Amino acid sequence: MEQNKEMDRLAEIFGKENVLKDEPMSRHTTFRIGGAADFFVKVQTISQLQEAMRYLKKEQIPFYIVGNGSNLLVRDEGVRGVVLQLGERFSGYEFLHETPGSVAQSGTAVDKNQIVMVRAKAGSLLGRLGKEFAEYSLSGFEFASGIPGTLGGAVYMNAGAYGGEIKDILVRATLMDMDGSLFEFTNQQMQFGYRKSIAAEKNYIVLEADLALHVSSKEEVLAKMAELSAQRRLKQPLEYPSAGSTFKRPEGYFAGKLISDAGLKGFSVGGAQVSEKHAGFVINTGNATAADVIALTDAVRDKVFEKYGVKLELEIKQLG
Ligand SMILES: Cc1cc2nc3c(=O)[nH]c(=O)nc-3n(C[C@H](O)[C@H](O)[C@H](O)COP(=O)(O)OP(=O)(O)OC[C@H]3O[C@@H](n4cnc5c(N)ncnc54)[C@H](O)[C@@H]3O)c2cc1C
């Protein structure tokens with residue numbers, strides 16, 4: 001890539017302050033792993049995204065969209081092309097109908113089980129949304145509030161935890177295809193499955209999601225969130241960088257249990273280690289490289305297959 005020319009054009013589209021050159025992806029992943037992206041860009045508007053896609057496609061420059069990097073393993077060699085992240089202006093939410101006055105003002109519920117529709121932007125962090133919804137005494141989102149990703153990443157992955165999934169609360173999503181066309185899909189059209197959606201299958205960019213929440217009491221919502229968060233702290237190695245569950249849950253099994261039963265807790269390659277606390281997590285104990293993680297996950301997969309005949313499939317997405 002002629003980097004100076006590209007830099008100038010990207011700065012023209014996005015504003016210089018939103019374009020970083022040779023940006024280490026370790027700064028943008030919860031694994032704290034990953035070489036440099038040629039360009040890392042914060043997208044602030046839909047028209048910027050559309051203009052960039054036209055330009056990048058015409059010049060045949062590869063591009064990728066990322067959220068909070070909490071499900072990503074970026075290769076040590078980095079990423080050729082442009083990594084796009086939805087910026088601050090893709091964060092926030094609005095109530096789709098008039099905000100129920102009693103809920104909005106007092107934060108206490110009157111009409112329990114009343115459905116409230118919220119339109120949230122894809123760059124919003126799930127934790128932030130969770131707190132805001134709790135303030136309005138809205139229930140239904142508690143399961144997602146401890147997942148360290150953005151709403152866009154969560155819709156793309158159909159993220160889920162503790163019995164809830166994005167598919168349970170999403171009514172409609174606003175998407176963009178690789179030609180920059182915008183369209184809306186209903187829950188059914190999203191074709192949600194276990195950690196998958198049509199957005200993942202067709203490379204659609206998630207821009208917004210309409211969520212159906214229901215009125216509860218603020219205390220109950222906060223208590224549920226606190227309980228789930230305590231469970232996470234107890235069971236998951238949150239004190240180390242990771243990308244969450246490394247492998248998908250194989251049908252009829254739990255990846256963590258298979259790995260643990262295969263005697264692989266604590267098994268490490270370089271700075272990558274199968275967590276002692278939760279064998280379903282690979283952690284970065286300090287200076288792990290992507291190569292360490294790949295060698296480790298390959299070895300884990302081989303060993304589990306050899307012992308139990310079960311094929312583990314990566315849940316984390318590789319980039320670069
Ligand atoms: C400690 C920890 C705990 C976790 N617990 C859970 C859990 O309980 N349940 C769970 O499901 N996951 C969990 N995860 C994994 C991860 O947080 C989720 O998959 C999350 O939904 C990813 O969101 P993200 O914004 O970080 O996406 P990224 O990691 O940045 O990207 C993930 C994928 O989504 C795509 N993507 C991101 N944003 C968009 C967008 N706007 N439009 C289109 N595609 C997009 C990317 O291209 C990539 O393929 C955990 C991770 C960690 C580190």
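This is a predicted model: local features need pLDDT of at least 70, side-chain atom pairs count only at pLDDT 80 or more; totals for chains, interfaces and linings use all residues.
Reader: Which residues have the most contacts inside the largest nonpolar core?

Author: That core holds 56 residues. Phe14, Val82, Phe141, Val155, Ile166, Leu170 and Met190 have the most contacts inside it. Strand S13, residues 205–215, supplies the largest share, with seven residues. Domain 1 (3–88) and domain 2 (91–227) each contribute at least three residues to this core.

Reader: What is Val155 in contact with, leaving aside neighbours within four places in sequence?

Author: Its partners are Ile166, Leu170, Met190, Phe192, Ser197, Val206 and Ala209. A second, separate core has 25 residues, including Leu258 and Ile316.

Reader: Which residues does UniProt list under "active site"?

Author: The unreviewed entry lists Arg195, Ser245 and Glu315. They span 121 residues of sequence but cluster in space, with a largest C-alpha distance of 11.4 Å.

Reader: Is Arg195 buried or exposed?

Author: Buried means under 20% relative accessible area. Arg195 has 11%, so it counts as buried. Arg195 sits in the loop between strand S12 (182–186) and helix H7 (198–202). Its side chain reaches the backbone oxygen of Asn158 at 3.0 Å. Beyond four places in sequence, the contacts of Arg195 include Glu165, Lys248 and Glu315.

Reader: Why does Ser245 count as partly exposed?

Author: Partly exposed runs between the buried limit of 20% and the exposed limit of 50%. Ser245 is at 30% relative accessibility, so it falls in that class. Ser245 lies in strand S14, residues 242–245. Leaving aside neighbours within four places, Ser245 is in contact with Gly280, Phe281, Glu315 and Ile316.

Terms used:
Residues are numbered from 1 along each chain as its sequence is written. Side-chain values use heavy atoms; hydrogens and water are left out. A nonpolar core is a set of buried Ala, Val, Leu, Ile, Met, Phe, Trp, Tyr and Cys residues joined through side-chain atoms within 4.5 Å. Buried means under 20% relative accessible area, exposed over 50%, partly exposed in between (1.4 Å probe, protein chains only). Helices (H or I, at least four residues) and strands (E, at least two) are DSSP runs, numbered from the N terminus. Domain bounds come from an automatic or database domain assignment. Contact means heavy atoms within 4.5 Å. UniProt positions are given in the numbering used here, feature names are shortened, and annotations may be inferred rather than shown by experiment. A polar contact is a pair of N or O atoms within 3.5 Å; within protein, one must be able to donate a hydrogen and the other to accept it, and residues adjacent in sequence count only if both atoms are side-chain atoms.
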